[in-house]
Amino acid sequence: MTGKIQNFFLKLQQEDEATRKRWLIILTSGTMAVVVSLWLVYLNFTIKALAPEPPKEEAGFFKTSANGLQIISQETALKISQLSAYLKSLANQTNSITIQPANINLILEDLETVKPKKLP
């Protein structure tokens with residue numbers, strides 16, 4: 001096969017200028033068509049890989065609202081359970097008060113008596 005190709009190009013070298021230009025145009029056009037087609041195939045694979053995958057289910061208003069309510073109810077249940085655990089711990093807590101008698105003498109001794117005076 002390579003011998004046939006070599007013979008073709010050797011014969012082409014012996015031809016006149018017009019024939020060689022015609023074969024030059026034909027062979028370069030074919031080569032460019034192959035290169036451009038390979039480039040387009042590569043570009044097609046690359047663009048498909050870059051595009052995000054479409055969602056499998058379209059989310060409507062009611063589906064979005066239902067998902068939001070579910071999340072809110074879960075968070076609310078968690079907060080309520082935390083609050084009830086805190087209130088239980090407060091209810092189980094006991095206070096103890098110790099009353100000690102005061103050793104204070106409320107009667108003051110050795111005080112001078114104050115005489116009343118008239119104000120001007």
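Colleague: Which side chain does the side chain of Thr-19 make a polar contact with?
Modeller: That of Asp-16, at 2.5 Å. Keep in mind that this is a predicted model.

Colleague: Where does Thr-19 lie?
Modeller: Thr-19 lies in helix H2, which covers residues 17-50.

Colleague: Is Thr-19 buried or exposed?
Modeller: Thr-19 counts as buried, because its relative accessibility is 15% and the cut-off for buried is under 20%.

Colleague: How many residues of the protein chain count as buried, as a percentage?
Modeller: Of its 120 residues, 2% count as buried. The accessible surface of the chain comes to about 12600 Å², and 64% of that belongs to carbon and sulfur atoms.

Colleague: Back up a bit. How many helices and strands does the chain have?
Modeller: Three helices and zero strands. Read from the N terminus, the order of elements is α-α-α.

Colleague: On to charges. How many salt bridges does a search of the whole structure find?
Modeller: One. The side chains of Glu-17 and Arg-20 meet in it, with 3.1 Å from N to O.

Colleague: How far apart are Glu-17 and Arg-20 in helix H2?
Modeller: They are three residues apart in helix H2, so about one helical turn separates them.

Colleague: And what about the accessibility of Glu-17 and Arg-20?
Modeller: Glu-17 is partly exposed at 45% relative accessibility. Arg-20 is partly exposed too, with a relative accessible area of 35%.

Colleague: New topic, aromatics. How many aromatic pairs are there?
Modeller: The count comes to three aromatic pairs. One of them is Phe-8 with Phe-9, an edge-to-face pair with 5.5 Å centre to centre and 70° between the planes.

Colleague: Why are there two numbers for a pair?
Modeller: Because a pair of aromatic rings is described by both the distance of the centres and the angle of the planes.

Colleague: How exposed are Phe-8 and Phe-9?
Modeller: Phe-8 is partly exposed, with a relative accessible area of 31%. Phe-9 also counts as partly exposed, at 39% relative accessibility.

Colleague: What does Phe-8 form with Trp-23?
Modeller: An aromatic pair that is edge-to-face, at 4.9 Å centre to centre and 80° between the planes. Phe-8 lies in helix H1 (residues 2-14) and Trp-23 in helix H2, so this pair ties together parts that are 15 residues apart in sequence.

Colleague: Is Trp-23 buried or partly exposed?
Modeller: Partly exposed, because its relative accessible area is 29%. Trp-23 forms one aromatic cluster with Phe-8 and Phe-9.

Colleague: Last topic, the surface. Which residues form a nonpolar patch there?
Modeller: Met-32, Val-35, Val-36, Trp-39, Leu-40, Leu-43 and Ile-47. Together they have about 660 Å² of accessible area.

Conventions. Residues numbered from 1 in each chain as written. Heavy atoms only, no water. Helix = DSSP H or I, 4+ residues; strand = E, 2+ residues; numbered from the N terminus. Buried < 20%, exposed > 50% of the residue type's maximum accessible area, 1.4 Å probe, protein only. Polar contact = N/O pair within 3.5 Å; in protein donor to acceptor, adjacent residues only side chain to side chain. Phe/Tyr/Trp six-rings, centres within 6.5 Å; stacked < 30°, edge-to-face > 60°. Patch = residues over 30% accessible without salt bridge, like charges linked within 9 Å, V, L, I, M, F, W, Y side chains within 5 Å. Areas by Shrake-Rupley, 256 points an atom, 1.4 Å probe, with all protein chains shown as cover. Salt bridge = Lys/Arg side-chain N within 4 Å of Asp/Glu carboxyl O.
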